[in-house]
Amino acid sequence: MDLQRLKQRLPLLDYLRQQNWMGRPAAAGRELVGLCPLHQDTRPSFYVNPSKNLFYCHGCGQGGDLIRFVQLFQHLSFRESLAYLEQQYSPSAESAVAVLEETAAFYQRQLQKHGEARLYLAQRGVRDPALIQELRIGYAHGGNLRRHLAAQGFSFDLLRRTGLVNQQGLDAFYRRVVFPCCWEGHVVNLYGRSIGIAFPHRFLPGSRGGLFAWEAVRQCPIVILVEGLFDLAVLWQAGFRYTTCGFGTHLTPTQLRQLSSPPGRHVFLAYDQDENRAGQRASQALARQLQLLGAVAFLATLPNGEDPNSYFVHGASAADFIRCLDGAQSL
Ligand SMILES: [Zn+2]
């Protein structure tokens, strides 16, 4: 993709807005001004000229076009920035996003038709219909996705490349409760929890984005970090909306960066308290990593054998969980 076409396809201002930048018209009228995403800005000093497709910051002195911004913001070289933008905004990436969005919507409708999936959610303590709607939880009954997506005009090749179906055209997700994983406002992956005898956890191949529901949490000075999406769902339901999930105990560099910027955020790790102490060791290692990056990490102590999901399923209340947070140890 050549440079001019890329910049036309994706105006600088659109990209900034996707990164949650907010600007208001500057005094002169032609420009927008807001807080600078490139330095710790307290007074709006970041100016964007949409007609010229350029930015300039009076605080840190940085300025330039979209590519320059991506270089600085994502810490990439010029060449890497181009590759990143091409990959994120190529027509094939757009159709992959579209097919995942359509699949997530399809699975959401399936949840209404299949009592066994709603029963499973209830058994895992997830009962609030508004929360189920908000997290866009769905159900893959299996056996009908390919036909549905083909009728919507998606090619078989695309379905295979996204991993939604295998070579034979069979659904990757079969009898699974599904949570869409979003990144920069788009569905980028699906997590499927088996309600039957198949291996419990499954994702599609490819990126899972950063931390789950990060847009909802990123402004919070205190964050609870959990291993699994059912942990997150019961905590949100109990009012702990500042909970995010890293899909396991090992975080990616992107997820670590999210938690530790800006520095000083308090991160409460609420991981499984398993008998063989593997969970405790993993959370201690992660806490040390986070401290090195500038976050303040605490280890929440749940009763033996419990994770946040099972703790609530076994009857814990929000007050019980607050006691776990109060008793949390820093390193
Ligand atoms: Zn700046």
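**View 1. Ala270 sits in strand β12, which covers residues 266–270.** This is a predicted model, as are the views that follow. Is Ala270 buried or exposed? Ala270 counts as buried, because there are 28 C-beta neighbours inside 10 Å and the cut-off for buried is 20 or more. Leaving out residues up to four places away in sequence, Ala270 touches Ile224, Leu225, Val226, Asp231, Ala300, Leu302 and Pro308. Take Ile224 from that list: Ile224 and Ala270 are 46 residues apart along the chain, yet 6.8 Å separates their C-alpha atoms.

**View 2. Strand β8 (residues 186–194) is largely enclosed by the rest of the structure.** Why say enclosed? Seven of the nine residues of β8 are buried, so the rest of the structure largely surrounds this strand. β8 pairs with strand β7 (residues 176–183) through eight bridges, and the two run antiparallel. One of the places to look is Arg176, whose bridge partner in β8 is Ser194. The β7–β8 hairpin has two residues between its strands, and Glu184 in the turn has a positive phi of about 50 degrees. Strand β9 (residues 201–203) also pairs with β8, again in the antiparallel sense, over three bridges. Here Tyr191 stands opposite Phe203 in β9. β8 and β9 make a hairpin too, with six residues between them.

**View 3. Helices α3 (residues 66–74) and α4 (residues 78–89) cross at roughly 100 degrees.** Their axes come within 9 Å. An angle of 65 to 115 degrees counts as roughly perpendicular, and α3 and α4 are therefore described that way. On the α3 side, the contact uses Ile67, Val70, Gln71 and Gln74; these meet Phe78, Ser81, Leu82, Tyr84 and Leu85 of α4. Sort the residues of this contact by type and you get six nonpolar, three polar and no charged.

**View 4. Five strands make an open sheet in the order β1-β2-β3-β4-β5, with antiparallel pairing.** β1 (24–25) and β5 (63–64) are at the edges, each with a single partner strand, so one side of each has no neighbour in the sheet. For β1 that partner is β2 (residues 32–34), joined to it by two bridges and running antiparallel. To find one of these pairs, look for Pro25, whose bridge partner in β2 is Leu32.

**View 5. The protein chain is assigned three domains: domain 1 (3–89), domain 2 (91–203) and domain 3 (214–330).** How far apart are the centres of domain 1 and domain 3? Taken over C-alpha atoms, 33 Å lies between them.

Definitions and conventions
Residues are numbered from 1 along each chain as its sequence is written. This is a predicted model: local features need pLDDT of at least 70, side-chain atom pairs count only at pLDDT 80 or more; totals for chains, interfaces and linings use all residues. Two strands pair if DSSP finds at least two bridges between them. Helices (H or I, at least four residues) and strands (E, at least two) are DSSP runs, numbered from the N terminus. A residue is buried if 20 or more other C-beta atoms lie within 10 Å of its own, exposed if 12 or fewer, and partly exposed in between; C-beta atoms are placed from the backbone. Two residues are in contact if their C-beta atoms, placed from the backbone, lie within 7 Å. Domain bounds come from an automatic or database domain assignment. Axes are lines fitted to C-alpha atoms, for helices over the stretch in contact, and angles run from 0 to 180 degrees between N-to-C directions. Angles under 35 degrees count as roughly parallel, over 145 as roughly antiparallel, 65 to 115 as roughly perpendicular and the rest as oblique. Ala, Val, Leu, Ile, Met, Phe, Trp, Tyr, Cys and Pro count as nonpolar, Asp, Glu, Lys and Arg as charged, and the others, Gly among them, as polar.
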